[in-house]
Amino acid sequence: MNRQMTENEALVRAASYCSASEHCREEINEKLRRWGIAPDVAERIMDRLEAEKYIDDERFCRAYVNDKFRFSKWGKKKIAQGLYQKKIPAEAVCRYLDEIDDEHYLSVLRELLRAKRKNVRAENEYERNAKLARFAMSRGFEWEYIRLCIDLKEED
């Protein structure tokens with residue numbers, strides 16, 4: 001018993017989904033596609049959700065940058081990649097990434113490296129620093145910042 005969802009049912013369901021947490025246009029579009037909603041109907045639903053402020057890519061971008069940096073401790077490159085995959089406009093991404101304070105950014109990176117240094121097994125300091133650099137790069141931090149922080153010692 002798998003019946004097709006009506007446009008109104010899809011709108012209500014999508015609005016409810018958007019009310020629970022912040023979502024971008026691409027996420028909702030994908031959700032509607034999975035629900036089997038026709039592309040023209042999906043477009044009408046998306047327009048209505050945007051008009052009623054259920055979805056707002058600018059608001060989503062700000063929240064995503066803030067959450068991924070503060071809670072997940074991601075660097076700017078990884079955050080930007082995540083937003084690119086969600087088809088957020090590059091100018092919005094740059095604007096909100098630029099709002100991250102450089103000193104705070106460096107302190108987060110230093111803390112990550114300090115914590116990771118305790119668990120890294122290496123033959124020598126060169127190998128340890130290489131592993132730390134790879135770790136920081138996998139978290140999305142830029143090489144310029146990694147280089148500034150990589151020579152931290154336990155007692156720093």
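Let's start with the record. UniProt, in an unreviewed entry, places the feature "domain: RecX first three-helical" at residues 10-49. Positions from UniProt are in the numbering used here, feature names are shortened, and annotations may be inferred rather than shown by experiment. Residues are numbered from 1 along each chain as its sequence is written, and side-chain values use heavy atoms, with hydrogens and water left out. This is a predicted model: local features need pLDDT of at least 70, side-chain atom pairs count only at pLDDT 80 or more, and totals for chains, interfaces and linings use all residues.

Over residues 10-49 the chain is 80% helix and 0% strand. The end C-alpha atoms of that stretch are 11 Å apart. Helices (H or I, at least four residues) and strands (E, at least two) are DSSP runs, numbered from the N terminus.

Now helix 1, residues 7-20. At 1.5 Å a residue, its 14 residues should span 20 Å, and its end C-alpha atoms are 20 Å apart, which agrees. The expected span here is 1.5 Å times one less than the number of residues.

Which residues of helix 1 are buried? Ala 10, Leu 11, Ala 14, Ala 15 and Cys 18. Seen down the axis, the buried residues of helix 1 fall within an arc of 130 degrees, so they line one face of the helix. That arc is taken from the directions from the helix axis to the C-beta atoms. Buried means under 20% relative accessible area, exposed over 50%, and partly exposed in between, with a 1.4 Å probe and protein chains only. On the other side of helix 1, Asn 8, Val 12, Ser 19 and Ala 20 are exposed. The cover over the buried residues includes helix 2 (25-34) and helix 3 (39-51). Contact means heavy atoms within 4.5 Å.

On to helix 2. Its buried residues are Arg 25, Ile 28, Lys 31 and Leu 32. They cover an arc of only 125 degrees around the axis, which puts them on the same side of helix 2. Among the elements covering them are helix 1, helix 3 and helix 4. Just after helix 2, Gly 36 takes a positive phi of about 80 degrees.

Glu 43 is found in helix 3. With a relative accessible area of 36%, Glu 43 is partly exposed.

Next, two loops. Lys 53 sits in the loop between helix 3 and helix 4. Its phi is near 65 degrees, a positive value in a residue other than glycine. Lys 53 is exposed, at a relative accessible area of 53%. Lys 73 is in the loop between helix 4 and helix 5. Phi of Lys 73 is near 60 degrees, again positive in a residue other than glycine. At 32% relative accessibility, Lys 73 counts as partly exposed.

Second annotated stretch. For "domain: RecX second three-helical", also from an unreviewed entry, UniProt lists residues 56-93. Here the chain is 74% helix and 0% strand, and the end C-alpha atoms are 13 Å apart.

Helix 5 covers residues 76-85. Lys 76, Ile 79, Gly 82 and Leu 83 are buried in helix 5. Seen down its axis, these buried residues fall within an arc of 130 degrees, so they line one face of the helix. Lys 77, Tyr 84 and Gln 85 are exposed on the other side of helix 5. What covers the buried face includes helix 4, helix 6 (90-98) and helix 7 (102-117). Just after helix 5, Lys 87 takes a positive phi of about 60 degrees.

Is Lys 76 buried or exposed? At 13% relative accessibility, Lys 76 counts as buried. Not counting residues up to four places away in sequence, Lys 76 touches Leu 97, Ile 100, Asp 102, Tyr 105, Gly 140 and Glu 142.

Last, the empty space. Rolling a probe the size of a water molecule over the atoms shows where empty space is left. A pocket is found on a 1 Å grid over the protein atoms alone: an open set of points where a 1.4 Å probe fits, with protein on both sides within 12 Å along at least five of seven lines; lining residues have an atom within 4 Å of a point. The largest pocket holds about 150 Å³. Its lining is Arg 62, Val 65, Asn 66, Phe 69, Arg 70, Tyr 96, Glu 99, Ile 100, Asp 101 and His 104. Helix 4 (residues 57-70) gives the largest share of that lining, five residues.

Definitions and conventions. Points joined across faces, edges and corners; volume = space filled by probe spheres on them.
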